Amino acid sequence: MGMVVIQWKSWMFPQDPNEDTEWNDILRHFGILPPKEKPKDEIEEKVLHLQKEEEVKPYERMNLEELKEAEDDFDEADRKAIEMYRQQRLKEWKCLQRMQKYGELREICGEQYVKEVTNAPDDVWVIIHLYRSSIPVCLLVNEHLSLLARKFPEVKFLKAVVNSCIQNYHDTCLPTILVYKTGEIKGRFIGVAACGGIYLRVEELEWKLAEVGAIETDLEENPRKDITNMMTLAVQNISAHKDTNTRSSDVMKPHIT
């Protein structure tokens with residue numbers, strides 16, 4: 001018995017072939033209806049996207065090595081743009097290298113001081129903390145510097161046990177924080193008071209380092225200001241209270257004629 005092939009005719013299905021119906025889906029599956037047309041908005045959106053991609057300069061997709069190899073293929077206007085673009089890429093690359101190189105508080109000894117601090121690259125700020133682990137404030141400063149090292153990875157944060165760098169250094173001078181740039185000291189904080197006190201907060205230390213230019217802080221004002229204002233207010237309240245007590249006692253005194 002021969003196979004009977006039924007040919008479907010589109011006129012047998014008067015409904016819109018682009019209509020979303022189960023029956024139309026079945027007909028598309030068997031190839032009786034053509035695939036559903038995509039909305040014009042979607043097509044226009046893809047065309048605009050392709051046109052936008054064409055507008056992007058080819059050198060904007062290149063790395064530094066590819067830019068160097070292809071620079072002869074561009075005109076003078078493109079070459080100027082490429083040079084600016086190359087400088088931008090180079091700056092980004094240097095920043096990435098620093099982030100990979102720093103980003104932590106590293107321990108060094110006295111023998112490494114010249115190499116790590118004095119002879120550091122001219123464009124790198126170096127912050128070194130001379131400490132003794134037996135002094136609680138020194139440990140607090142190390143904790144804060146560790147946090148700041150992660151926040152400002154372009155800055156070199158170091159610490160060193162003071163005895164390995166300076167012999168017979170007095171405990172009253174600890175903690176000691178030295179800030180270097182181009183091999184010169186740009187800032188120094190010597191002793192507990194200069195570093196911020198025994199209750200030093202990391203924001204206060206960040207502000208101090210920003211004041212000497214070592215870091216670019218996002219703090220809008222000195223966090224120590226709030227504490228100073230509170231202390232001033234407390235002193236004023238105490239003075240006012242004493243003054244009130246004095247006036248009250250004067251009223252209670254017998255009047256002597």
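# Helix packing and a loop serine

Visitor: Is Ser-133 buried or exposed?
Guide: This is a predicted model, where local features need pLDDT of at least 70, side-chain atom pairs count only at pLDDT 80 or more, and totals for chains, interfaces and linings use all residues. Residues are numbered from 1 along each chain as its sequence is written, and side-chain values use heavy atoms, without hydrogens and water. Buried means under 20% relative accessible area, exposed over 50%, partly exposed in between (1.4 Å probe, protein chains only). Ser-133 has a relative accessible area of 55%, so it is exposed.

Visitor: Where does Ser-133 lie?
Guide: Helices (H or I, at least four residues) and strands (E, at least two) are DSSP runs, numbered from the N terminus. Ser-133 lies in the loop between strand S2 (126-131) and H6.

Visitor: At what angle do the axes of H6 and H9 cross?
Guide: Axes are lines fitted to C-alpha atoms, for helices over the stretch in contact; angles run from 0 to 180 degrees between N-to-C directions. Helix H6 covers residues 136-151 and helix H9 residues 202-211. Their axes come within 10 Å and cross at roughly 65°.

Visitor: Which residues of H9 make the contact with H6?
Guide: Contact means heavy atoms within 4.5 Å. From H6 come Val-141, His-144, Leu-145, Leu-147, Leu-148 and Lys-151. From H9 come Val-202, Leu-205, Glu-206 and Leu-209.

Visitor: How far apart in space are Ser-133 and Val-161?
Guide: In sequence, 28 residues separate Ser-133 and Val-161. C-alpha to C-alpha, the distance is 7.9 Å.

Visitor: What share of the protein's residues count as buried?
Guide: The protein has 10 helices and five strands. Of its 257 residues, the buried share is 29%.
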